[in-house]
Amino acid sequence: MKEECGVFGIFNHPEASRLATLGLHALQHRGQEAAGIASWGSHGFCRRVGLGLVSSVFDRRKLSALSGHLAIGHVRYATAGRGGVRNAQPLVAQSFWGKMALAHNGNLTNSGELKRRLQRRGVRFTSSSDTEVILRALSLERGDLSGALRRVLAAVRGAYSLVVATPQALMAVRDPKGFRPLCLGSYGESYLVASETCAFDLIGAQYLRDVAPGEILRLDSGGLSSSYLEEAVRRSFCVFELVYFAKPSSRAGEASVYQVRRQMGRELAREAPVRADRVIPVPDSAVVHAEGFAEESGIPFAMALIRSHYVGRTFIEPRQSIRDFGAKLKYAVVREAVCARRVVLVDDSIVRGTTCRKLVRLIYDAGAREVHLRIGSPPITHPCFYGIDTPTQKELVASRLSVEEIRKFLGVESLAFLSVEGMLRATGKTPEDFCTACFTGQYREDGERIRSQLDASRSAKLCAS
Ligand code: AMP
């Protein structure tokens, strides 16, 4: 189970759950499959979760039930409906500290092993989410909550940015490699944590700092205190957050997503220049890359692809004969911007290659003379085991085909990807501090575990094909 999610937590505010709802709205791009909030107050504990967007899950009735001064929330993205509402977070369990709720962004690489160990001790699971392993292990613990987290997480491998809440405290924890983002903010007398700073901006809260890799942050009536997990820190922030996943208005991984993305576009224009009349982004995720490309190359920028924001996920894929309607439903081409022109189409990444292939055809159909494709990240050749939902390795077009073969498959005049060095240079940070596994195959965990994950990924594909 892969989780590509957003988390939020707020302590010490009388409108905690309302602010959590706003925070989740801002984080909606991190997951649209399910949303949930758990809150604590003088009336006790309350949890509301549902499938779909934050705006459809939380109506006035649900929100009024969620009273209290402490709330945590979650937006979830998982592949095609697996587990449904049973896997919606925050997950809840009874614990030594009272009702405990937990929300997770990331993906654990040894959850199967840990789950079997707990099941042998008689622990029962109610979801298929890897997150439940942490919750169930915590609910067997006693004593100080930070110590309990330290003991439980010592056995956990992979990526986790967690918010955990009990009636007395809100905890925020980041794995020792810091794969996924997690930020700390303040709002008057209250503290907040969120996956990205865009959640603070919407509320009007102030960004204080990132939760550090390996840090356990405790927010309670005594204020804020911090301790660390025992495993040594090796910074491995997911560079794909900066390429695609995080919102351009956010800070993530202690960097401005907008500035890094624009710089990626600039680097790309330097590495792979082209003679063209217009730079066209694939909206929305490549708009900033394209802005950087246009600035650096001096080629005018044109919003020639218009994305519809009203295509629901429930749309039934039409039969082969009318399959291209899928792309046309989502993207419309501004004929006047491309007709008889040489265009540079800029996308942030290629995964299976299906989106670009369809878009290229639409742009040629609208009369473009030449379509050159520039990708604001290197070829994705390896699956992610740390929380970005990438398909199995064989489905990644760049794991099977060379750049020239991909160019032919996509039907473009020329194709170039940003280099790994160019991408890392664009971050303005120490290159060693990033996980680039999806582009390089260099995973940041011990080889044995990753080899078995890769084998599973390959055999899953073989079963499917
Ligand atoms: P594909 O058509 O499979 O090559 O997908 C590439 C497009 O999907 C790009 O335009 C990206 O913006 C977007 N994309 C990249 N990674 C993901 C992801 N993990 N989930 C959803 N969309 C993605």
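Select E132 to begin: with a relative accessible area of 1%, this residue is buried (buried means under 20% relative accessible area, exposed over 50% and partly exposed in between, with a 1.4 Å probe and protein chains only). E132 is found in helix α5; helices are DSSP runs of H or I with at least four residues, strands are runs of E with at least two, and both are numbered from the N terminus. This is a predicted model, in which local features need pLDDT of at least 70 and side-chain atom pairs count only at pLDDT 80 or more, while totals for chains, interfaces and linings use all residues. Residues are numbered from 1 along each chain as its sequence is written, and side-chain values use heavy atoms, with hydrogens and water left out.

Now display the surroundings of E132. Leaving aside residues up to four places away in sequence, E132 touches L91, R124, F125, T126 and S127; contact means heavy atoms within 4.5 Å. Then select F417 as well: the C-alpha atoms of E132 and F417 are 39 Å apart in space, and the two residues are 285 residues apart in sequence.

**Two enclosed helices**

Select residues 145-153, which form helix α6. Because 7 of its 9 residues are buried, α6 is largely enclosed by the rest of the structure. The buried residues are L145, S146, G147, A148, L149, V152 and L153. They pack against β6 (98-108), α5 (131-139), β7 (158-165), β8 (170-174), β12 (215-220) and β13 (223-228).

Next, select residues 16-26, helix α1. Here 8 of the 11 residues are buried, so α1 is likewise largely enclosed by the rest of the structure. Highlight A16, S17, L19, A20, T21, G23, L24 and A26 to see the buried residues of α1.

**Helix α9 and its partners**

Select helix α9 (residues 257-271) together with helix α10 (residues 287-297); their axes come within 7 Å and cross at roughly 45°. Axes are lines fitted to C-alpha atoms, for helices over the stretch in contact, and angles run from 0 to 180 degrees between N-to-C directions. The two helices are therefore oblique to each other; angles under 35 degrees count as roughly parallel, over 145 as roughly antiparallel, 65 to 115 as roughly perpendicular and the rest as oblique. The contact involves Y258, R261, R262, M264, G265, R266, L268, A269 and R270 of α9, and V288, H289, E291, G292, F293, E295, E296 and S297 of α10. These residues divide into 6 nonpolar, 4 polar and 7 charged. Ala, Val, Leu, Ile, Met, Phe, Trp, Tyr, Cys and Pro count as nonpolar, Asp, Glu, Lys and Arg as charged, and the others, Gly among them, as polar.

Select F293, found in helix α10. Is F293 buried or exposed? At 1% relative accessibility, F293 counts as buried. Not counting residues up to four places away in sequence, F293 touches G265, R266, L268, A269, A272, V274, V279, V344, V346 and R374. The C-alpha atoms of F293 and V344 are separated by 9.4 Å, although the residues are 51 residues apart along the chain.

**Backbone details**

Most residues other than glycine have a negative phi, and most peptide bonds are trans. Zoom to Q89 and P90, which a cis peptide bond joins, with omega about 5°. P90 lies in the loop between β4 (70-76) and β5 (91-95). A cis peptide bond also joins P283 and D284, with omega about -5°; D284 lies in the loop between β17 (278-281) and α10.

Select E254, whose phi is near 60°, a positive value in a residue other than glycine. E254 is found in the loop between β15 (251-252) and β16 (255-256) and is partly exposed, with a relative accessible area of 36%. A340 has a positive phi of about 65° although it is not a glycine; its place is in the loop between α12 (335-338) and β20 (342-347).

**Cysteines**

Finally, how many disulfides does the count give? The count comes to 0 disulfides, a disulfide being a pair of cysteine sulfur atoms within 2.5 Å. Select C435 and C238: C435 is in no disulfide, and the nearest cysteine sulfur, that of C238, is 6.3 Å away. C435 counts as buried at 9% relative accessibility, whereas C339 is partly exposed at 42%.
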